[in-house]
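Student: I would like to go through a structure that is new to me. Could we take it by question and answer?

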Amino acid sequence: MTAKKKRIEDVVKYLRMKYGADNILINDHWESDETSIGLTDKSKKYLGYISIFNRDQDKYYLGLENPPTNDGLPYSPADSFDNVTLMELESILVTHLQLTKEHQHPRGF
């Protein structure tokens with residue numbers, strides 16, 4: 001992961017520790033943007049874009065993308081959520097990436 005704001009790094013670390021680094025992959029199309037990151041499921045079919053740009057300390061933007069349609073782009077827009085908390089972001093993202101309780105670390109972090 002290139003240089004990101006600590007808050008973005010902390011979110012990624014939290015999610016990957018809780019659900020496994022093999023289940024949540026970094027797919028960062030925005031390397032120069034230190035306030036955002038892209039995460040995918042292990043098949044790389046589903047993407048979640050997380051941003052903290054112009055957000056309060058405890059709020060996030062989450063954009064969701066599905067597998068591509070026939071337009072040649074790597075993903076197709078699915079939904080977006082603005083000003084969500086970390087717990088809301090986690091719930092929405094985990095559902096989108098199709099992670100289940102079996103993916104969660106045994107200690108639950």
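The questions below start with a helix, then turn to salt bridges, a serine and some backbone angles.

Student: How many residues does helix 1 have, and what distance does it reach from its first C-alpha to its last?

Tutor: Note that this is a predicted model. Helix 1 runs over residues 6–19, which makes 14 residues. At 1.5 Å a residue, a span of 20 Å is expected. The helix comes close to that, reaching 20 Å.

Student: Where do the buried residues of helix 1 lie around the axis, and what arc do they cover?

Tutor: The buried residues are Arg-7, Ile-8, Val-11, Val-12, Leu-15, Lys-18 and Tyr-19. They lie on the same side of helix 1, because the arc they cover around the axis is only 145°.

Student: Which residues are exposed on the other side of helix 1?

Tutor: The buried residues of helix 1 pack against strand 1 (25–26), strand 2, strand 3, strand 4 (60–66) and helix 2 (86–96). On the other side, the exposed residues are Lys-6 and Lys-13.

Student: Which residue follows helix 1, and what is its phi?

Tutor: The residue that comes after helix 1 is Gly-20. Its phi is positive, near 95°.

Student: How many salt bridges does a search of the whole structure find?

Tutor: Side chains of opposite charge can pair when their charged atoms come close. Over the whole structure, the number of salt bridges found is five.

Student: How many residues apart in sequence are the parts that Lys-5 and Glu-34 tie together?

Tutor: The side chains of Lys-5 and Glu-34 form a salt bridge, 3.4 Å from N to O. Lys-5 is in the segment before helix 1 and Glu-34 is in the loop between strand 1 and strand 2, so the parts tied together are apart in sequence by 29 residues.

Student: Are Glu-90 and Lys-18 buried or exposed?

Tutor: Their side chains meet in a salt bridge of 2.7 Å, N to O. Glu-90 belongs to helix 2 and Lys-18 to helix 1, so this pair ties together parts 72 residues apart in sequence. As for accessibility, both Glu-90 and Lys-18 are buried.

Student: The backbone nitrogen of which residue lies 3.1 Å from a polar atom of the side chain of Ser-51?

Tutor: Ser-51 is found in strand 3, and at 5% relative accessibility it counts as buried. Leaving aside neighbours within four places in sequence, Ser-51 is in contact with Thr-35, Ser-36, Tyr-60 and Tyr-61. The backbone nitrogen at 3.1 Å from its side chain belongs to Phe-53.

Student: What is the phi of Lys-44?

Tutor: Most residues other than glycine have a negative phi. Lys-44 sits in the loop between strand 2 (36–40) and strand 3 (47–51), and with 52% relative accessibility it counts as exposed. Although it is not a glycine, Lys-44 has a positive phi of about 65°.

Student: Where is Asn-83 found?

Tutor: Asn-83 is another residue other than glycine with a positive phi, near 60°. Its relative accessible area is 42%, so Asn-83 is partly exposed. It is found within residues 76–84, which form strand 5.

Technical notes:
Residues are numbered from 1 along each chain as its sequence is written. This is a predicted model: local features need pLDDT of at least 70, side-chain atom pairs count only at pLDDT 80 or more; totals for chains, interfaces and linings use all residues. Side-chain values use heavy atoms; hydrogens and water are left out. Helices (H or I, at least four residues) and strands (E, at least two) are DSSP runs, numbered from the N terminus. Buried means under 20% relative accessible area, exposed over 50%, partly exposed in between (1.4 Å probe, protein chains only). A polar contact is a pair of N or O atoms within 3.5 Å; within protein, one must be able to donate a hydrogen and the other to accept it, and residues adjacent in sequence count only if both atoms are side-chain atoms. Contact means heavy atoms within 4.5 Å. The expected span of a helix is 1.5 Å times one less than its number of residues. The arc is that of the directions from the helix axis to the C-beta atoms. A salt bridge is a side-chain nitrogen of Lys or Arg within 4 Å of a carboxyl oxygen of Asp or Glu.
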